[in-house]
Amino acid sequence: HDADGALFEKTLRRAVDAGIFKGPLTAIIDSSPVHGAGALASTYELVRKLTRRLARALGEHLDAAVAARVAALAAAKPDIDWADPAERKAHLAELVDLAASVLGTAAADSELMADPEVAEAAGLVSQVVLQDVEQGEHGPAVRQGVAPDRVVSHSDPEMRHGRKSASRRFDGHKLDVMVDEASEVVLGVDVRAGNAGDGEGAAPLLAHVTATERIEVTMLLADMAYSDGDVREAVEAQGTELVAKVPPLTNSGRFPKTDFRIDLDAGTVTCPAGQTTSDARPAKDHKGRPATMFHFDAKVCATCPLRERCTAGKGGRTIMVGRHHRRIQAARAAQQQLATKALLRRRAKVERKIDHLQDLGMRKARYRGRRKTRLQALLAATVANFKRLGVLGVLGATPRLAA
């Protein structure tokens with residue numbers, strides 16, 4: 001009944017009643033990887049196991065001949081020479097053909113597809129085949145590269161490939177944590193897809209936290225992963241100021257966009273050499289959002305003494321200005337101020353709290369599925385808050401806690 005957060009919410013109400021939260025709060029948010037409980041699987045195993053799952057869901061509705069093929073081909077890993085590319089390719093072709101036959105049975109009957117178990121299993125088989133297999137000249141082959149939302153486990157299909165950094169990859173889920181900066185009490189946790197962007201979880205978790213009676217967050221501290229304009233806009237729409245460092249811009253050693261003077265009121269851009277353009281054309285940014293592209297005259301750029309330091313293109317330099325330019329520009333200017341720098345230094349408190357949650361088991365999921373992993377996160381956050389409220393004297397004495 002969605003009551004798994006009841007005990008955690010009681011710790012927040014206890015903190016509110018005890019006056020721990022003194023007025024509007026400054027909160028801190030960050031995310032952390034949670035390694036999934038499901039086993040990673042190859043393309044062959046994913047197609048085999050998920051096809052068998054769909055066949056079980058179809059039950060007696062599956063043709064006897066197809067059911068016999070499932071029993072023979074998908075019941076266990078075949079005894080083939082896996083070092084032989086030809087044998088692997090032939091086996092993949094058999095698996096794909098079998099998956100298509102079982103999917104065909106499901107898709108041909110709308111009543112069957114109305115069954116949630118059948119629909120979910122059919123969707124997973126389709127997704128795995130589309131993401132992992134491509135039709136080549138000589139039949140199906142394992143697709144090169146990794147699909148953005150690739151299913152990686154048949155036992156926990158909600159697990160995803162994720163990255164905490166360029167050098168740290170994980171397979172599982174992503175934990176979002178929001179804490180009160182002053183008291184270090186956990187205000188909220190959530191579990192999302194492992195491949196989801198950090199910033200995407202800020203606004204939803206903030207809305208959930210502020211829905212708690214007598215908890216108001218006026219400032220949210222975060223790292224650079226939360227500094228996207230869309231994230232800032234969503235957080236500001238809830239009446240909260242987001243303070244997060246804007247990543248520096250680079251341009252392969254040439255002048256970055258920040259070296260240009262952009263005047264949106266006048267509709268002009270001035271380059272480091274002092275040339276000004278008002279040639280603005282509609283464009284789309286990397287997310288497909290509306291933007292404006294300013295073009296410098298190619299003839300002017302061709303004779304500019306700074307050209308080698310500005311552009312490697314044959315034409316003139318272009319500068320894209322996105323819809324969040326003013327917002328990002330203001331944040332970049334603010335982070336140079338001493339007060340903002342001091343705020344950003346306080347952000348590290350959330351990392352200590354994440355370490356505590358990991359000590360309580362949140363490095364790895366105990367259960368399969370995102371929903372149950374969220375239950376685990378809520379229980380860990382509850383224990384962490386018990387500990388913190390004990391330190392703050394709200395519970396009388398620090399409770400004994402089992403690791």
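Tutor: A salt bridge is counted here when a side-chain nitrogen of Lys or Arg lies within 4 Å of a carboxyl oxygen of Asp or Glu. The model is predicted, so local features need pLDDT of at least 70 and side-chain atom pairs count only at pLDDT 80 or more, while totals for chains, interfaces and linings use all residues. Residues are numbered from 1 along each chain as its sequence is written, and side-chain values use heavy atoms, with hydrogens and water left out.

Student: How far apart are the closest N and O atoms of Arg281 and Asp279?

Tutor: Arg281 is partly exposed at 41% relative accessibility, a class that falls between buried (under 20% relative accessible area) and exposed (over 50%), computed with a 1.4 Å probe on protein chains only. Asp279 is also partly exposed, with a relative accessible area of 30%. The two form a salt bridge, and their closest N and O atoms are separated by 2.8 Å.

Student: How many salt bridges does the count give?

Tutor: Side chains of opposite charge can pair when their charged atoms come close. Under the rule stated at the outset, the count of salt bridges is 28.

Student: Which parts does the pair of Arg347 and Asp30 tie together?

Tutor: The closest N and O atoms of this salt bridge are 3.6 Å apart. Arg347 lies in a loop and Asp30 in a strand, so the pair ties together parts that are 317 residues apart in sequence; helices (H or I, at least four residues) and strands (E, at least two) are DSSP runs numbered from the N terminus. Arg347 is buried at 13% relative accessibility, and Asp30 is buried with a relative accessible area of 5%. The parts are the loop between helix H11 (338-346) and H12, and strand E1 (residues 25-35).

Student: Is Asp230, the salt-bridge partner of Arg289, buried or partly exposed?

Tutor: Arg289 and Asp230 form a salt bridge with their closest N and O atoms 2.8 Å apart. Arg289 is in the loop between strand E12 (280-284) and strand E13 (290-295), and Asp230 is in helix H8 (residues 229-236), so the pair links parts 59 residues apart in sequence. Arg289 is buried, with a relative accessible area of 13%. Asp230, at 27% relative accessibility, counts as partly exposed.

Student: Which residues are linked with Arg289 in a network of salt bridges?

Tutor: The pair of Arg289 and Asp230 belongs to a network. Besides Arg289 and Asp230, its members are Asp228, Glu233, Asp285, Lys287 and Arg323.

Student: Through how many residues does a hairpin join E2 to E3?

Tutor: Strand E2 (residues 133-136) and strand E3 (residues 139-142) are antiparallel and pair over 4 bridges. Val133 stands opposite Val142 in E3. The hairpin joins E2 to E3 through 2 residues.

Student: Which residues does Leu360 touch, leaving aside residues up to four places away in sequence?

Tutor: Leu360 lies in helix H12 (residues 349-362). At 18% relative accessibility, Leu360 counts as buried. With contact taken as heavy atoms within 4.5 Å, Leu360 touches Ala380, Val383 and Ala384.

Student: Which element gives the largest share of the lining of the largest pocket?

Tutor: A pocket is an open set of points on a 1 Å grid over the protein atoms alone, with protein on both sides within 12 Å along at least five of seven lines, and lining residues have an atom within 4 Å of a point. The largest pocket holds about 770 Å³ of space, where grid points are joined across faces, edges and corners and the volume is that filled by probe spheres set on the points. Of its 26 lining residues, Leu249, Lys257, Gly322, Ile328 and Arg332 are the closest to the centre. Strand E14 (318-322) and helix H10 (325-334) each give two or more residues, and the largest share, 5 residues, comes from E14.

Student: Which elements give two or more residues to the lining of the second largest pocket?

Tutor: This pocket contains about 210 Å³ of space. Among its 16 lining residues, the closest to the centre are Arg232, Glu241, Leu242, Ala331 and Ala334. The elements are H8, strand E8 (241-244), H10 and H11.

Terms used: Two strands pair if DSSP finds at least two bridges between them. On a 1 Å grid over the protein atoms alone, a cavity is a set of points where a 1.4 Å probe fits but cannot get out, and a pocket is an open set with protein on both sides within 12 Å along at least five of seven lines; lining residues have an atom within 4 Å of a point.
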